[in-house]
Amino acid sequence: MKGLCLLGSSGSIGKSTLDVVRLNKETYSIVALTANKNIQCLLEQCIEFKPAYAVVPDNALADIFRKNIESSEASDTVVLSGIESLEFISQLDEVDIVVAAIVGAAGLLSTLVAAKAGKKLLLANKESLVISGDLLMSVVKENGATLLPLDSEHNALFQCMPDAYIAGQRPKGVRKLILTASGGPFLNTSSQQLESVTVEQACAHPNWSMGQKISVDSATMMNKGLEVIEASFLFDMPIEQIDVLVHPQSIIHSMVDYLDGSVIAQLGNPDMRTPIAHALAWPERHLSGVSALDFRKHQQLTFEPPSYERFPCLRLAYEALELKGSAPAVLNAANEVAVDAFLTKKIRFIDIPKLIEKVLENSMFNRAESIASILEADKEARALAGLQVERLQ
Ligand code: NAD
Ligand code: MG
């Protein structure tokens with residue numbers, strides 16, 4: 001049995017991971033589960049999977065949860081609180097695999113701790129790699145951790161790499177990484193229409209069902225921008241060798257273009273259980289619960305270049321990657337604040353890139369060589385972004 005610590009089990013990726021575990025019960029035992037707010041979901045998960053630990057970072061909420069769990073069938077589960085508990089469960093001896101599925105920079109420290117403990121680290125939390133790219137990759141390397149991407153595009157790229165490829169190495173013979181993008185709900189929406197789109201429209205992704213933050217990121221295409229940065233660190237590829245290609249059907253999840261003219265792609269139905277099952281089982285394969293791809297239903301696979309005019313977030317992400325150091329952390333922090341302000345109806349959809357651009361313009365960047373310098377950049381960018389939200393309201 002492999003011991004699993006699932007950070008962010010109440011979220012979209014967390015639930016999909018437990019779906020895969022349910023199909024492979026003989027292979028995995030759940031050591032720890034966590035939720036930030038949805039303690040009802042966490043309680044149900046604890047009753048079903050009987051983890052040794054459950055973490056609820058907020059102390060008051062953890063007290064309520066502890067009472068609920070004591071009178072349930074999961075009364076043996078130890079409830080921990082405080083954000084440091086996320087780090088505690090990520091390095092336990094009985095944990096073999098850590099699934100990092102917390103959303104945003106909040107997932108950074110637990111991800112780093114899992115890497116430092118040399119775990120098999122399944123990374124959904126792309127923001128942690130965006131903000132601490134070089135640092136996280138070197139912690140992975142120095143401590144013999146195994147980093148496997150869960151993000152569907154990066155998991156696809158990983159699957160298209162040569163045998164025995166290890167994340168962090170520059171793959172040999174590769175001309176380009178081609179990240180596919182669905183284009184999100186506003187692929188064909190005009191600039192004028194974008195001025196008045198609602199939260200509900202932004203969160204209604206045509207192909208994927210995901211958490212709110214990443215849904216908005218997909219609508220602005222910041223998600224693809226973050227993924228370009230994620231790919232550059234994961235595969236040690238220079239910026240000019242990473243392309244974005246809009247592919248609205250989301251059947252090809254990404255492609256590797258080799259020097260000899262071969263292009264290797266990974267295909268499948270758009271369902272996160274496939275990359276999750278791939279990374280859990282790697283280097284073997286097991287069931288994911290995803291149905292086989294029926295090519296008769298997908299007779300048209302189309303491609304087009306992205307629009308940098310209607311989706312400036314994509315350009316901003318390339319610019320932040322070019323600037324290096326703490327610039328990606330600043331981009332990410334400004335984006336988190338902007339998305340939250342849009343979700344709480346304080347700013348308009350089209351204000352998101354404007355806000356991020358202002359924060360990038362007004363920031364001083366550091367080299368992002370230590371956790372302290374990264375956290376400092378994150379904090380300053382959030383403060384600058386907060387001022388921009390006030391200005392725009
Ligand atoms: P979600 O909003 O559905 O779930 C987020 C999880 O993080 C929840 O369990 C929540 O309790 C936890 N969380 C939120 N804030 C926290 C905090 N401050 N401290 C501790 N825990 C906190 O999000 P999701 O869609 O599952 O996405 C999770 C991560 O995976 C994101 O980084 C996202 O970019 C990435 N990802 C998601 C998908 C997808 O299909 N959903 C695909 C690729 C990558
Ligand atoms: Mg993705």
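Here are some questions and answers about the predicted model shown above.

User: Which residues are the protein donors of the magnesium ion (ligand 2)?

Analyst: Donors here are N, O and S atoms within 2.8 Å of the metal (3.2 Å for Na, K and Ca), and water is not among the atoms, so sites may look incomplete. Along the chain, the donors of this ion follow the spacing D-x1-E-x73-E. They lie 2.1 to 2.2 Å from the ion, and they are Asp151 (OD), Glu153 (OE) and Glu227 (OE).

User: How many residues apart in sequence are the parts that Asp151 and Glu227 tie together?

Analyst: Helices (H or I, at least four residues) and strands (E, at least two) are DSSP runs, numbered from the N terminus. Asp151 lies in the loop between strand E7 (146-149) and helix H7 (152-159), whereas Glu227 belongs to helix H11 (residues 222-234), so the pair links parts that are 76 residues apart.

User: Is Glu227 buried or exposed?

Analyst: The scale first: buried means under 20% relative accessible area, exposed over 50%, and partly exposed in between (1.4 Å probe, protein chains only). Asp151 has 8% relative accessibility and is buried. With 1% relative accessibility, Glu227 also falls in that class: buried.

User: What is the order of the strands in the open sheet of four?

Analyst: Two strands pair if DSSP finds at least two bridges between them. The edge strands are E9 (242-246) and E11 (263-267), each pairing on one side only. The pairing is mixed, and the order is E9-E8-E10-E11.

User: Which residue of E9 is the bridge partner of Leu177?

Analyst: E8 pairs with E10 in the antiparallel sense over four bridges, and on that side Leu177 stands opposite Val256. With E9, the pairing of E8 is parallel, over five bridges. There, the bridge partner of Leu177 is Ile242.

User: At what angle to E10 does H7 run?

Analyst: Axes are lines fitted to C-alpha atoms, for helices over the stretch in contact, and angles run from 0 to 180 degrees between N-to-C directions. Contact means heavy atoms within 4.5 Å. H7 lies across strand E8 (174-181), E10 and E11, and its angle to E10 is about 40°.

User: Which side chain makes a polar contact with the side chain of Asn155?

Analyst: Asn155 is found in helix H7 and is buried, with a relative accessible area of 1%. A polar contact is a pair of N or O atoms within 3.5 Å; within protein, one must be able to donate a hydrogen and the other to accept it, and residues adjacent in sequence count only if both atoms are side-chain atoms. At 3.0 Å, the partner side chain is that of His278.

User: And which side chain makes a polar contact with Asp217?

Analyst: Asp217 lies in helix H10 (residues 212-220) and counts as buried at 1% relative accessibility. Leaving aside neighbours within four places in sequence, its contacts include Met222 and Asn335. The polar contact of its side chain, at 2.7 Å, is with the side chain of Lys213.

User: How many residues surround ligand 1?

Analyst: A residue is near a molecule or strand if one of its heavy atoms lies within 4 Å of it. A backbone N or O atom of Gly8 lies 3.2 Å from an oxygen atom of ligand 1, and for Val103 that distance is 3.4 Å. The closest residues are Ser10, Ser12, Asn36, Glu127 and Gly211, and the number surrounding the ligand is 22.

User: Last one: what is the omega of the cis peptide bond at Pro283?

Analyst: Most residues other than glycine have a negative phi, and most peptide bonds are trans. Pro283 lies in the loop between helix H12 (273-281) and helix H13 (312-323). The cis bond joins Trp282 and Pro283, with an omega of about 5°.

Key. Residues numbered from 1 in each chain as written. Chains lettered and ligands numbered in written order. Predicted model: local features only at pLDDT ≥ 70, side-chain atom pairs only at ≥ 80, totals over all residues. Heavy atoms only, no water.
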